[in-house]
Amino acid sequence: MRVFFILFLIFFLGINSAFAYELVLPKDRKTTVDTNYAFFIGKANRAECITINDERVYIAPNGAFAHSIKLKDGENRIALKSNYNTQIYRFYKNKKKSSKEAILIEFDEPKNFIVKKDNTPLRNTPIDYGMNRISHLFKDTNLIITGQKGEFYRVFLNKNVEAWISKDAVVENKNFFEPRFITMNSETFKNASKHIIEFSDKLPYTIEETENEIFFKVYNPYVSEETFYTVNVKKPFKYTYETISHKGTYVFKVTEFPKPEENELLDGITILVDAGHGGSERGAIGCLGDNEKDINLKIANELKKILEIMGANVVMTRECDGTVSLDDRVKIAKENCSNIFVSIHLNSIPDIKMDIHKNKGTSVYYYNENSKELAKIVKNSLVTQLNTRNDGVRQASFAVIRPTEYVGILVEVAYMTNPVDSVLYKKEEFPSVTAKAIADGILSFVIAP
Ligand SMILES: [Zn+2]
């Protein structure tokens, strides 16, 4: 009898421990990380009492949970207890390498270099960080290099402007002729203005925006350390702009955002709807094991329908599950002369965060000044209609929203890794409600005078 009872107990405990919880993160019992926190994300039976290092874990009504534990350098043993068993997870936290700052090396003589390919970022600091880009240079742009620091060369533009370019992006130019200024003129159209500056060869340029104006500047440091040519354009309320270069000719064109006729809603507006990730790129993984790419696609397909009803011409980067590169997403948008680019995503925990439960709600990202207003309107519309936490409007350097030819935003509707948000994004109506909120925001932006 006693043997039977013990067998029964083992059987009972076995079943319970097997179904107590399932983890999405960590994937293994032993993990090496560079983060300050260990993240436990998964689903559990609500009847379970789960603690991690004796901290009680909140389990959402749908079973989703997420918990973070601060790590010390080296090995950390973390005990995850459910009703009937305890599992030990080992996290090895790498010590932060004290990154020695690179030393600036001044060249004895300035050197002539040329840019190897189009769209090469010119930065104002010698680091590969998103927001320090001052322009994107064209292939064969002539540069004067005066020094180096780490992986970057220092570019001389003007006595007041120092810039940096990745060493990989340039090559020394042996057959060098000093570029000469040829001519400069402007043309004004009904909804655009076009400015042409012609040189005998390509030179570096920058674009700066103030509240009311855009300054397009081409530098010719070969003439003097103060020589530059500038075009300043009064900014329309809503606008896009583009810079084209053919040999030494620069065309800088500022276009007013199209105004639909009264009651015509989005008629005449082309909107690129971009479902984030796809194919082998799953995006973030939710507490319940959902793939971000699938939810993004459902929202994108709903958004297409609503925007088309509003009269827009809609272009999609993907309409099914498949891999599309970031370059191709931008290419599709530009080839179709898109006025607006909206990239759809769901967020996940950032690497360093005190409390995983604080990372919830809706945020919208923009890169260029011309897209900030749309980001604000769409974020407000989502927060109101979905009743999510306001996670803010932020500027960030994402490749798909960097081009200036369209107004571009990247929407993070909610957090895949937040248990409360998981209740929201698991709802059947989530894709259509989200799409409606985004479409309403776009419409408000377009019809605003
Ligand atoms: Zn994403």
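**Figure 1. Domain 1 and domain 3 of the predicted model, seen together.** In this predicted model, the centres of domain 1 and domain 3, taken over C-alpha atoms, are separated by 32 Å. The domain assignment places domain 1 at residues 2–93, domain 2 at 101–256 and domain 3 at 270–447. Domain 1 and domain 3 do touch: 18 residues of domain 1 are in contact with 17 residues of domain 3. On the domain 1 side, β3 (37–44) and β6 (64–70) are the elements that give two or more residues to this contact. By class, that side of domain 1 holds 10 nonpolar residues, seven polar ones and one charged one.

**Figure 2. The whole protein chain, for orientation.** Here is the setting for the other views. The chain has six helices and 28 strands. Along the principal axes, its C-alpha atoms fill a box of roughly 100 × 65 × 35 Å. Of its 449 residues, 39% count as buried. Looking at contacts with a separation of 6 or more, 66% come from residues 24 or more positions apart.

Figure 3. Helix α3 runs over residues 326–335, and its buried residues are R329, V330 and A333. These three cover an arc of only 95° around the axis, so they sit on the same side of α3. As a general rule, an α-helix has 3.6 residues a turn, so residues three or four places apart point the same way. Turn to the other side of α3 and you will find D327, D328 and E335, which are exposed. Just after α3, look for C337, which takes a positive phi of about 50°.

**Figure 4. Where helix α4 meets helix α6.** The axes of α4 (residues 372–386) and α6 (residues 430–447) come within 8 Å and cross at roughly 145°. The crossing of α4 past α6 is right-handed. To trace the contact from α4, follow E373, L374, I377, V378, S381, L382, Q385 and L386. Their partners in α6 include V433, A437, I438, I442 and F445, along with K436 and D440. Sorted by class, the contact of α4 with α6 has 10 nonpolar, five polar and three charged residues.

**Figure 5. A cis peptide bond at P26.** Most residues other than glycine have a negative phi, and most peptide bonds are trans. The bond from L25 to P26 is cis, with omega near -5°. To find P26, look in the loop between β1 (21–25) and β2 (30–33).

**Figure 6. Positive phi at D140.** The phi of D140 is near 75°, a positive value in a residue other than glycine. D140 is found in the loop between β11 (133–137) and β12 (142–149). Is D140 exposed, partly exposed or buried? D140 counts as partly exposed because it has 16 C-beta neighbours inside 10 Å, whereas a buried residue would need 20 or more.

**Figure 7. Positive phi at K247.** K247 is another residue other than glycine with a positive phi, here near 50°. Its place is the loop between β21 (239–246) and β22 (249–256). K247 is exposed, because 12 other C-beta atoms lie within 10 Å and a residue with 12 or fewer counts as exposed.

How values were computed:
Residues numbered from 1 in each chain as written. Predicted model: local features only at pLDDT ≥ 70, side-chain atom pairs only at ≥ 80, totals over all residues. Helix = DSSP H or I, 4+ residues; strand = E, 2+ residues; numbered from the N terminus. Arc of directions from axis to C-beta. Axes fitted to C-alpha atoms, helices over the stretch in contact; angles between N-to-C directions. Left-handed = near helix turned anticlockwise from the far one by under 90°. Contact = placed C-beta atoms within 7 Å. Nonpolar A, V, L, I, M, F, W, Y, C, P; charged D, E, K, R; others polar. Domains from an automatic or database assignment.
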